[in-house]
Number of protein chains: 2
Amino acid sequence: MLNKTRVIQVGLGPIGSAVARQVVERAGLELVGGVDIDPAKVGQDVGQVIGLGGSLGFAVAGNLGQALAGAEADVALHTTSSYFDLFKPQIVEILEAGLDIVSTAEELSFPWLAHPEQAAEIDAVAKSAGKTVLGTGINPGFVMDSLPLSLTAICLQVDRIDVTRVINASLRRGPFQAKIGSGMTVDDFNAKMAAGRMGHVGLPESMHMVFHTLGKKLARYEDSVEPVLAERLVKTDHFEVKPGQVRGLKQVARGYTDKGEFMTLTFLAALEAGDDGDTIQIGGVPNLEVKLKGTNGDIATVAIAVNAIRRVREAAPGLVTMRDLPLLSVW
Amino acid sequence: MLNKTRVIQVGLGPIGSAVARQVVERAGLELVGGVDIDPAKVGQDVGQVIGLGGSLGFAVAGNLGQALAGAEADVALHTTSSYFDLFKPQIVEILEAGLDIVSTAEELSFPWLAHPEQAAEIDAVAKSAGKTVLGTGINPGFVMDSLPLSLTAICLQVDRIDVTRVINASLRRGPFQAKIGSGMTVDDFNAKMAAGRMGHVGLPESMHMVFHTLGKKLARYEDSVEPVLAERLVKTDHFEVKPGQVRGLKQVARGYTDKGEFMTLTFLAALEAGDDGDTIQIGGVPNLEVKLKGTNGDIATVAIAVNAIRRVREAAPGLVTMRDLPLLSVW
């Protein structure tokens with residue numbers, strides 16, 4: 001790449017800021033803009049806001065239109081919302097401005113089953129603009145979908161797939177500890193659950209990518225979230241969890257064909273959860289077991305988003321998913 | 001796929017026969033021809049030769065020309081030789097007959113560094129014929145190259161990669177036990193080594209794919225093979241290895257950039273080698289460790305070759321490698 005790829009960072013929260021720092025550090029990429037709606041960030045130098053410890057010479061734009069008008073760019077790295085209704089207008093606006101997009105929006109990672117009409121709309125806008133849009137991340141995007149699918153390449157037959165991801169939240173950011181319910185009472189947790197605000201986003205998308213790629217019909221999908229309770233006092237820099245209170249959550253998604261259960265995805269994120277790690281078990285010919293250590297969620301999401309830029313730039317226009325791109329590596 | 005993809009099996013040794021059986025079993029594929037040079041197989045029914053336990057109604061052809069003339073086909077599955085000089089004329093002949101090719105030839109898996117001119121010739125023939133050719137397998141093709149590369153997708157930075165593959169040859173075919181030196185004296189082993197006939201083929205190709213994809217220059221490549229000796233009597237169905245005799249081999253390849261060692265590939269195949277398994281360690285940000293169990297060499301090679309057919313049929317014409325194709329899965 002002789003010319004640097006010019007990147008606008010859309011969303012400057014913790015993940016977006018980390019992505020932006022990586023864009024600044026990566027040879028071949030140039031950060032040319034940043035957007036956030038937080039009034040405390042708008043107008044500040046992007047370098048200061050993302051924690052570079054120095055200025056970049058351009059300010060955080062308060063809306064997309066301003067950012068897109070303010071800098072010529074090739075790619076938007078999009079890290080705002082997980083939810084289709086919230087991010088869709090943003091994605092459309094960026095595509096219409098003529099930029100490729102790498103997004104960490106969970107519901108964009110494989111939207112063809114849960115949001116088929118809206119996905120088709122985005123695909124049409126992208127094709128009409130001649131641009132490419134990808135949703136990626138560690139989960140969804142890698143550990144529970146594209147990696148297990150890649151492993152099936154060495155199988156003659158696959159009868160079932162089980163993936164378990166364990167995250168020891170004691171080692172993670174305060175907002176992450178909060179998100180999984182740390183310090184809540186069981187009643188609080190259940191109330192928040194009932195309001196649909198508890199649990200990891202993206203398990204259906206991972207399940208959909210796997211079923212669709214293997215040519216299986218998802219006859220039934222179940223998803224349950226339950227609190228993980230402290231048995232003794234658990235302290236972190238951010239929380240003090242008394243026995244009986246919540247120290248995290250366990251979420252299990254189950255996918256069935258018309259012949260029965262084919263896939264489970266288990267997401268366990270809790271304080272003092274022990275060793276972080278992922279386990280992928282494929283039952284078939286042969287049986288495979290793969291254990292991963294070190295797939296830190298924040299670093300991995302930042303990495304895969306930035307690493308995806310190369311493939312998205314090369315890809316044909318449209319809405320693509322991780323299973324459509326050639327091998328994605330660091331570069 | 002409404003119409004079945006018609007496959008000619010080129011090479012009917014143990015792997016080729018297993019591939020052919022899988023083609024027969026797989027919906028969407030149809031075996032329409034088989035070739036081998038073994039006079040004991042030529043003229044026999046292909047179904048009998050591959051061990052189907054029944055007839056297919058067509059005979060093993062004794063040469064490629066006869067097989068290509070004898071059946072209309074879409075794809076050749078090629079499992080004859082590991083070595084470029086031997087397989088190249090076959091690949092050219094098949095491409096010119098208008099078939100796509102999936103080959104398990106190790107030296108074809110990433111030939112751009114070791115055989116650049118011959119690779120370019122094959123690429124030109126493929127493009128001129130409008131057909132696609134891929135070299136794949138478990139190793140090279142997966143465990144030591146495309147899988148580690150895929151794992152770097154979640155890394156911000158990669159400082160080194162180490163892959164170790166352990167194969168307990170006690171669980172494998174007799175010819176495999178022979179190939180790794182089982183029952184030889186150390187002198188025999190070393191003499192065969194000196195003649196260039198000992199050791200696994202394909203480590204350079206794996207190394208090349210990784211370096212090339214990560215944009216690194218391979219400044220130096222080293223490869224050593226040493227015998228693994230029996231400490232006590234080791235018996236299999238095929239061999240009786242006395243203490244001090246050879247029960248297998250250990251091969252280590254090292255790849256260096258101009259800054260030092262970047263990658264090691266360790267291939268240990270021996271009788272009573274303990275648990276089969278592969279370990280991929282990536283040093284960088286973050287550090288990753290991935291352990292695989294169950295990547296049985298024969299089954300995995302058969303599977304990845306047959307599974308690759310779908311992607312090869314969809315791919316643009318030319319010589320492609322595992323890192324160029326979209327996600328490859330069972331189907």
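Visitor: Which residue is the bridge partner of Val290(A) in β13(B)?
Guide: In this predicted model, local features need pLDDT of at least 70, side-chain atom pairs count only at pLDDT 80 or more, and totals for chains, interfaces and linings use all residues. Residues are numbered from 1 along each chain as its sequence is written, chains are lettered from A and ligands numbered from 1 in the order in which they are written, and side-chain values use heavy atoms, without hydrogens and water. β13(A) pairs with β13 (residues 288-293) of chain B in the antiparallel sense over five bridges, where pairing requires at least two DSSP bridges and a strand is a DSSP run of E of at least two residues, numbered from the N terminus. Within β13(B), Val290(A) is bridged to Leu292(B).

Visitor: How much area do chain A and chain B bury between them?
Guide: Buried area is the accessible area (1.4 Å probe) that two parts lose on being put together, summed over both. Of the area buried here, 66% is on carbon and sulfur atoms. In chain A, Ile154(A), Leu156(A) and Leu327(A) lose the most area to chain B, together 20% of what that side buries. The total for the two chains is about 3400 Å².

Visitor: How many salt bridges does the rule find across the interface of chain A and chain B?
Guide: A salt bridge requires a side-chain nitrogen of Lys or Arg within 4 Å of a carboxyl oxygen of Asp or Glu. For the interface of chain A and chain B, the count by this rule is zero.

Definitions and conventions
Helices (H or I, at least four residues) and strands (E, at least two) are DSSP runs, numbered from the N terminus.
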